[in-house]
Amino acid sequence: QVQLVESGGGLVQAGGSLRLSCAASGRTFSNYIMGWFRQAPGQERQFVSTITLTSGSTDYLDSVKGRFTISRDNAKNAVYLQMNSLKPEDRGVYYCATTPRRILGSRVYRAADVYDYWGQGTQVTVSS
């Protein structure tokens, strides 16, 4: 089992920044990839970014490219999401997720159902 705990959410004005953290515990050695997803009220959970824990390869939703940066600290079993130039449409509950599965195919890890473990989420609110 893997436990994930997110932190760092909050209320920020448009144009501001937040840094989200995701701390993993348990059987972390088997994890392959960590992802950040977000869910706004009444909407489906949406892919935001992923990072592989081996090579550090990253992927981003087009609308956050150049504004968000995902990073990892394998020694601390932690993943971060630095969010700059926040927009009102970035609001939602942000979740981190992980899976040990290695699946071939581009962008496969953009699908929420690929992930086996999820955190409880952290709220991000961006005022205009």
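Colleague: How many bridges pair strand β4 with β9, and in which sense?
Modeller: Strand β4 (residues 33-39) and β9 pair in the antiparallel sense over 7 bridges; pairing requires that DSSP finds at least two bridges between two strands. Strands here are DSSP runs of E with at least two residues, numbered from the N terminus. Gln39 stands opposite Val93 in β9. Bear in mind that this is a predicted model, where local features need pLDDT of at least 70, side-chain atom pairs count only at pLDDT 80 or more, and totals for chains, interfaces and linings use all residues. Residues are numbered from 1 along each chain as its sequence is written, and side-chain values use heavy atoms, with hydrogens and water left out.

Colleague: Which residue of β11 is the bridge partner of Tyr94?
Modeller: Thr122 is the bridge partner of Tyr94, and 3 bridges join β9 to the antiparallel strand β11 (residues 122-127). With β10 (residues 117-118), β9 has 2 antiparallel bridges, and there Ala97 stands opposite Trp118.

Colleague: Switching topic: what is the order of the open sheet of 4 strands?
Modeller: The order is β1-β3-β8-β7, with antiparallel pairing. At the edges are β1 (2-7) and β7 (68-73), each with a single partner strand, so one side of each has no neighbour in the sheet.

Colleague: And where does Thr69 pair in β8?
Modeller: The bridge partner of Thr69 there is Gln82; β7 and β8 (residues 78-83) pair in the antiparallel sense over 6 bridges.
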